[in-house]
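Please look at the sequence and the structure below before reading on. The paragraphs that follow go through some of the contacts, starting from a single side chain.

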Amino acid sequence: MPPILQLDLQQILSQAISFILLVIILRKVAWRPLLAMLDQRRARIEDELRQIAQSKSELAQLQNDYAKRLAKIEDEARTKIQQAMLEGKRLAIELQEQARAQGYEIMTKAKDTVELELAKAKVTLRDQVAAMTMDAVERMLRRKLDATADRQLVDDVLKELEEPRARTSDARSDR
Amino acid sequence: MAVDAIEHAAHHVAHVAVAPTHSEIPELPNVITVLSEYFHGNPLVGWLHRWENLVFSLLVAAGLCVVAWRYGRKPSVIPRGGQNVLEVLVESIDAFVQRVIGPAGREHTPFIGTLFLYIWMSNLSGLLPGCKSSTANLNTTVGLALVVFCYVQWVRVKTLGVIKYLDHMAGSPRFDDIAELSLPLKLLIIPIKGFVMIVLFLLELVGEFVKPISLSLRLGFNVFAEDVLLAVLVGLGIAAGVMIHLPLPIQLFVVPLVLIFSTVQALVFSLLSSVYIALMLPQGEHH
C-alpha cells in the first residue's frame, strides 16, 4: 500500500490535537487582539468619518448662511447707495434752485441799483442842464445883446461844455 | 558523511523518478529522511522518521505561533512592519468568512483562519529545501477533517441544543400518527421506528463525517500529487544533468503552479468548511 494511504489513528489524533492547540493559541495570541483592534480602528474611522460629514454639513450650512448674509448686506448697500444717490440728486436740485433764486435776487438787486443810479444820473443831469441853462440865461440877461450876440453866447456856452469832453477824449487817446 | 547521505538521497530520488516502480513513489528528501539515511538504525531518528509529518506540522504551527506572538499579541492602532501583513491577512480572512457565513461568521473566523493559514503554510513548506508538506499525507488531512467535523457538530449542538440536535440527526421522528392505533400495532411499530431512528442517526452522522473527509482526501491527494510532480522533475533534472555534472532545475517551471495550487487548495478547504458551518447555523437552514 502506498504510504499516503497508510492511515494511522495515532497520527490522525496527534494531528487533530496539535491543530486544536494551534487554534487555541492563535485565537488567544493573534485573532482576538487583532480583530478587536481592527474593530476599534474601524469604529474610530467611522466615527471620524461621521464627524467629518457633520463638519461638512455645518460648513455647508455656514457657507449658506454667509452667502445669505452677504446677499442681504449687498442688498442693503445697494439700497443705501440708491438712497444716497437720490438724496444727492435732491440736494443738487435744491442747490441749483437756491443758486438760481440767489442769482435772480442778485440780478434783481443789480437792476434796481442800475435803475436807481440811472435815476440819480438823470436827476443830476437835469440839475446840471438846469444850472447851465440858468447860467446861460443869466449871461444872456446880463448882456442884453442882439441876436448875433445871443447866438455867440450860446455857442460859447456850448463850447465850454464841449471843451472838457474834448479834453477828456484827448487824454484817453493819449493814454 | 552528511554530504554522502544527501547525495545518496538525491540519487535515490533520481533513480525513483526515472524508473518508478509500483511500490516506490518518488519523494523529495527532507531533513529527517537524510538523517535516517545517515543514522540508519538510530531509534530516535527512526521515531522522527515515523512521526515526520507531525514534526513538520508542528514546525509550521510553531512558525505561525512565533509570527502571531511577535506581531499580533499587542497590536498598535497604527500598524508597522509585519503587523501590516498580518492585518491584511486577518482582515481578508475575516471578510471572507463573513461573506460565506454572514455576520455571525466573526465567531468562527479564528477557526477558519487558522485552518487556512495552517494548510497554506503546510502546503508551501514542501517547496523549502529539506522540508516536507505535511498535508501531502492523509493522516494530517484526515486529522484536520476530524477537527472540522467535531467543530461543525459542536456549532450545531450550541445552536440547536442537545435534544434538538439529536432529534434532527435522527430524522425528527414523530409518534402522533400512531396514537390512534391499537396497542399491539403500537408495540410493533415503536421498535421499528426506534430502529429507523438509530439508522438515520448513524447515516446522518456518517454523512456529516464524509463531507470533511472528502475535503481531506481532495487536499491530501492534490498536495501529494504536487510533491510527486516536484520530485519527478527534480529527479529528471538530476538525471539529465549527469552528463554535465550539474543538476538542471527543471522543477522551477512548475513552482508558480505549485504556489497557486497550494493557495487554492487551502482556500477550498477553508471555504467548504465555512459552508458546512454556515449550513449548521439557523439562517443556513433556509438555504
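The model is a predicted one. B:Arg106 takes part in a salt bridge with A:Asp39, in which the closest N and O atoms are 2.6 Å apart. This pair joins two chains, because B:Arg106 lies in the loop between helix 5 and helix 6 of chain B, while A:Asp39 lies in helix 1 (residues 9–143) of chain A. A:Asp39 is partly exposed as well, at 29% relative accessibility.

What else links the two chains? Between chain B and chain A there are four salt bridges. One joins the side chains of B:Glu87 and A:Arg41, with a distance of 2.6 Å from N to O. Across the interface of chain B and chain A there are also 12 residue pairs in polar contact, counting pairs with both residues at pLDDT 80 or more.

The size of an interface is often given as the accessible area lost when the parts come together. For chain B and chain A the buried area is about 3700 Å², and carbon and sulfur atoms give 72% of that area.

Chain A can also be described by itself. It contains two helices and zero strands. Of its 175 residues, 14% count as buried. The accessible surface of chain A is about 14500 Å², with 60% belonging to carbon and sulfur atoms.

Salt bridges also form inside a chain, and over all chains the structure holds 16 of them. In chain A, A:Glu48 forms one with A:Arg44, the closest N and O atoms being 3.8 Å apart. These two residues are four residues apart in helix 1 of chain A, so about one helical turn separates them. A:Glu48 is partly exposed, with a relative accessible area of 39%, and A:Arg44 is partly exposed at 47%.

In chain B, the side chains of B:Glu208 and B:Lys211 meet in a salt bridge of 3.5 Å, N to O. Both residues belong to helix 9 of chain B and are three residues apart, which means that about one helical turn lies between them. B:Glu208 counts as buried at 7% relative accessibility, whereas B:Lys211 is partly exposed at 27%. Elsewhere, salt bridges that share partners join A:Asp39, A:Arg42, B:Glu91, B:Asp94 and B:Arg106 into one network.

B:Asn123 lies in helix 6 of chain B. Is B:Asn123 buried or exposed? Its relative accessible area is 2%, so B:Asn123 is buried. The side chain of B:Asn123 makes a polar contact of 2.6 Å with the side chain of B:Thr135. Leaving out residues up to four places away in sequence, B:Asn123 touches B:Ser133, B:Thr135, B:Leu219, B:Val223, B:Ser262, B:Gln265 and B:Ala266.

Note on methods. Residues numbered from 1 in each chain as written. Chains lettered and ligands numbered in written order. Predicted model: local features only at pLDDT ≥ 70, side-chain atom pairs only at ≥ 80, totals over all residues. Heavy atoms only, no water. Buried < 20%, exposed > 50% of the residue type's maximum accessible area, 1.4 Å probe, protein only. Areas by Shrake-Rupley, 256 points an atom, 1.4 Å probe, with all protein chains shown as cover. Buried area = accessible area lost by both parts, 1.4 Å probe. Polar contact = N/O pair within 3.5 Å; in protein donor to acceptor, adjacent residues only side chain to side chain. Contact = heavy atoms within 4.5 Å.
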